[in-house]
Amino acid sequence: MKAAVYKGEQRLEVEEVPTPTAGPGQVLIKVRYCAICGTDVHAFMYDVAPPGTVMGHEYCGTVTEVGDGVDRWKVGDRVVGGGGSPPPGMLTGTRAHPRFNYRTMGFPENGRLRAYAEYVLLEDWEPVPIPDGVSDEEAALCEPCAVTVHAVRLSDIKLGDSVLVMGAGPIGLLCLQTARAAGATSVYVSEPAPARAEAARRLGADAVFDPLTEDLEERVVELTGGLGPKIVFECAAVPSPSTLDQALNIVARDGQVVLVAIAWEPTPLLTPDWMAKEVKVQASFGTLPEDWRIALDLIRSGKVSVEHMLSDANFLPLDDIQGAFESLMKPSTQLQMVVRL
Ligand SMILES: [Zn+2]
């Protein structure tokens, strides 16, 4: 099968690798779409993915082979690649180590082939079924949507709260919608790239600001009656000028900053500017199985729309993956890019 193998030093090469086969308790998935995640782009940009890695964790496809002892799937079932509940007692992902460090332990599955490839091998508990009413294109964004469901559920958000989402990349655009679904009545967005700002407007942001040309703090504080937003979701992770420092400055007294995006460079903070407001910081990382189920429900019910995030221009063949990663290091016009297998 064809797979995009990371070679180190910002190089992905599409090459022929052996197609896996389903052993006992496993299923083989034929990948249909795999969305390119900002986390993968960072792993490429900062060269932190070990050479030999095949990345890609935001995907959907169909079951093509079922191993011995598997009775929950049959060939042809449509699935999202992830989100299943592990067997009782099994600790997975970040929970597999009590002091999991994403920088030093982020790629524990070195050598495991993931979904920038034609096929992916999974344990039978790992995928979740795609419900009727959710297209394959929509299902490809289930994982990033689940990431924002996780962040919103960890937050202190209450019905009627005002929210600021910093960054309107795929995670910011989904967070805007999941925060709204959770009861936020005003959602403001900060985003400098015009195409992304426009998508935020179309997806129902109450106001969108360009933090490079407007005084974001002044505008948002004014719109929230001089208080600042109750919750800020930091989905940008720009180290300079630091979006985390901006978030802490803008948030309301007793408000909460939820860290969603990961900054790979030191981020300067000037604490006296915002400490007196006694703000809270909540880090959010990854997902739990229920987040995927909720994400699929939100997409099915129309509370989350991926319509303004995906057009034909966003899909690319696996052979073009190197160029896509290079362009996503400095996104200007792209919202979301999806590899079509
Ligand atoms: Zn992701």
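## Antiparallel pairing around strand S4

Two strands are said to pair if DSSP finds at least two bridges between them. In this predicted model, strand S3 (residues 26–35) and strand S4 (residues 58–66) run antiparallel and are joined by eight bridges. Within S4, Cys60 is the residue that stands opposite Tyr33.

Strand S4 is also joined to strand S5 (residues 78–80), by three bridges, and this pair likewise runs antiparallel. The bridge partner of Thr62 in S5 is Arg78.

## Division into domains

The chain is divided into two parts: domain 1 comprises 2–141 + 310–340, and domain 2 comprises 145–283. Taken over C-alpha atoms, the centres of domain 1 and domain 2 are separated by 28 Å. Twelve residues from domain 1 and eleven residues from domain 2 take part in the contact.

On the side of domain 1 that touches domain 2, helix H1 (residues 38–45) gives the most, with three residues. By class, this side of domain 1 has five nonpolar residues, seven polar residues and no charged residues.

## The parallel sheet

An open sheet is formed by six strands in the order S10-S9-S8-S11-S12-S13, with parallel pairing. Strand S10 (207–209) and strand S13 (280–283) each have a single partner strand and stand at the edges, so one side of each is left without a neighbour in the sheet. From one strand to the next, the twist averages 20 degrees.

Strand S11 (residues 231–234) and strand S12 (residues 256–259) run parallel and are joined by four bridges. Ile231 has Gln256 in S12 as its bridge partner.

## Packing of H7 against H8

Helix H7 (residues 216–223) packs with helix H8 (residues 243–250) at an angle of about 30 degrees, and their axes are 10 Å apart. Because angles under 35 degrees count as roughly parallel, H7 is roughly parallel to H8. The crossing in which H7 passes H8 is right-handed.

On the H7 side, the residues that meet H8 are Leu216, Glu217, Val220 and Val221; on the H8 side, they are Gln246, Asn249 and Ile250. By class, four nonpolar, two polar and one charged residues make up the contact of H7 with H8.

## Packing of H4 against H9

Helix H4 (residues 142–154) and helix H9 (residues 289–300) cross at roughly 110 degrees, their axes coming within 8 Å. Because angles of 65 to 115 degrees count as roughly perpendicular, H4 is roughly perpendicular to H9.

Helix H4 contributes Cys142, Cys145, Ala146, Val149 and His150 to the contact, while helix H9 contributes Asp291, Trp292, Ile294, Ala295, Leu296, Leu298 and Ile299. Divided by class, the residues of the contact of H4 with H9 are ten nonpolar, one polar and one charged.

## Backbone features in loops

The peptide bond from Ser240 to Pro241 is cis, with omega near -10 degrees.

Asp47 is not a glycine, yet has a positive phi of about 55 degrees. The loop that holds Asp47 lies between H1 and S4. Of these two elements, H1 gives three residues to the side of domain 1 that touches domain 2, whereas S4 is joined by bridges to S3 and to S5.

Note on methods. Residues numbered from 1 in each chain as written. Predicted model: local features only at pLDDT ≥ 70, side-chain atom pairs only at ≥ 80, totals over all residues. Axes fitted to C-alpha atoms, helices over the stretch in contact; angles between N-to-C directions. Parallel < 35°, antiparallel > 145°, perpendicular 65-115°, else oblique. Left-handed = near helix turned anticlockwise from the far one by under 90°. Contact = placed C-beta atoms within 7 Å. Nonpolar A, V, L, I, M, F, W, Y, C, P; charged D, E, K, R; others polar. Domains from an automatic or database assignment.
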